[in-house]
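Work through the following exercises with the sequence and the model open side by side, and try each task before reading its solution.

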Amino acid sequence: MPKAYVFTRYGGPETEAFAEVDRPRPGPGQILVAVRAAGVNPVDWKLRTGYRRPGESGERDFPVVFGNEVSGVVEETGEGVTGFAAGDEVFGNTAAGGYARYALLPAGVAAHKPAELSHTDAATLPVAAATAYDGLRQLALPAGATVLVTGAGGGVGAAAAQIARAFGLNVVGVASEGKKDFVEALGAVHVPSGAGWAERARAAAPDGVDAVYDLVGGEVLTEAAALVADRTKLITAAAPARDVEELGGARVVRARTAAVLDEVARLVVRGELDPHVTRTYPLERAGEALRAVEDGHARGKIVIEVAA
């Protein structure tokens, strides 16, 4: 039986364990993938605490396999699936976890991996890069406009800064002082986070900002709202809908389509988006990979690699 890294109940790291699980069988519209790499994201540990995604309902059946994005090789396709066959290299969002030797992907949110793209890099795209892309398309800013990105040193923030630059936008990135060089390497003007950051942002963009892409939430979102005149250009992927709607903004609307995955992959192949994978871990050290993200100090992306 193949191994997977799971949480057995809601709580902290003490709920995590490796488990022997049955090899999944693809249902209608699904593909079974032999995982080669799995991206690690903050939402992974948040789900372990009982967090619910917007619109999510129903109880989870424990144990729950961690992970929401993978890259791998198709083993089997379910009923009604077209365009995929055994042996194809693919990447996409998972249906039931990805820190495992096998994962199920809904065919509608899976894409063929370009040969020029490694499995490790491809595994970072379905959550962070696709979220960044969806948000920037939602803002629909003209070339030359300025977007402020809070949390610019994280996985989504780093992708948002680069994709914005590829769209011809100017970027102001808010992140810790320790991530200054990293944020500037993304093509953004760095603004140190912490008390007084909003005033520092005003100084960094004396002509103002045309939009805010928030990836922090809370008080930072409230302060960021004051920086943009048109609140329809205020979006967040970090705060509940009610919080941002009270400020006149909106949650990022996720497209969750293969077309978006194809586009972000093309950006990587063209050299306009670097996934910035800063550390990799074997599946056997999945807990360490998750701690590195949960501790909140990771730059770029962390990926779990699974041996063939």
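**Exercise 1.** Over the face of which ring does R23 lie, and at what distance from the ring centre?

*Solution.* The model is a predicted one, in which local features need pLDDT of at least 70 and side-chain atom pairs count only at pLDDT 80 or more, while totals for chains, interfaces and linings use all residues. Residues are numbered from 1 along each chain as its sequence is written, and side-chain values use heavy atoms, with hydrogens and water left out. A charge sits over a ring if NZ of Lys or CZ of Arg is within 6 Å of the ring centre and within 35 degrees of the ring normal. R23 lies over the face of Y102, at 4.8 Å from the ring centre; K3 lies over the face of F18, at 5.7 Å from the ring centre.

**Exercise 2.** Classify the ring pair of F7 and F66, and state which parts of the chain the pair ties together.

*Solution.* Begin with the search of the whole structure, which finds eight aromatic pairs (rings of Phe, Tyr and Trp, the last by its six-membered ring, with centres within 6.5 Å; planes under 30 degrees apart are stacked, over 60 edge-to-face, the rest tilted). The rings of F7 and Y10 have centres 6.4 Å apart and planes at 35°, so this pair is tilted. For F7 and F66 the centres are 5.1 Å apart and the planes at 55°, so that pair is tilted. F7 lies in strand 1 (residues 3-7) and F66 in the loop between strand 4 (64-65) and strand 5 (69-77), so the pair ties together parts that are 59 residues apart in sequence; strands are DSSP runs of E, at least two residues, numbered from the N terminus.

Terms used: Helix = DSSP H or I, 4+ residues; strand = E, 2+ residues; numbered from the N terminus.
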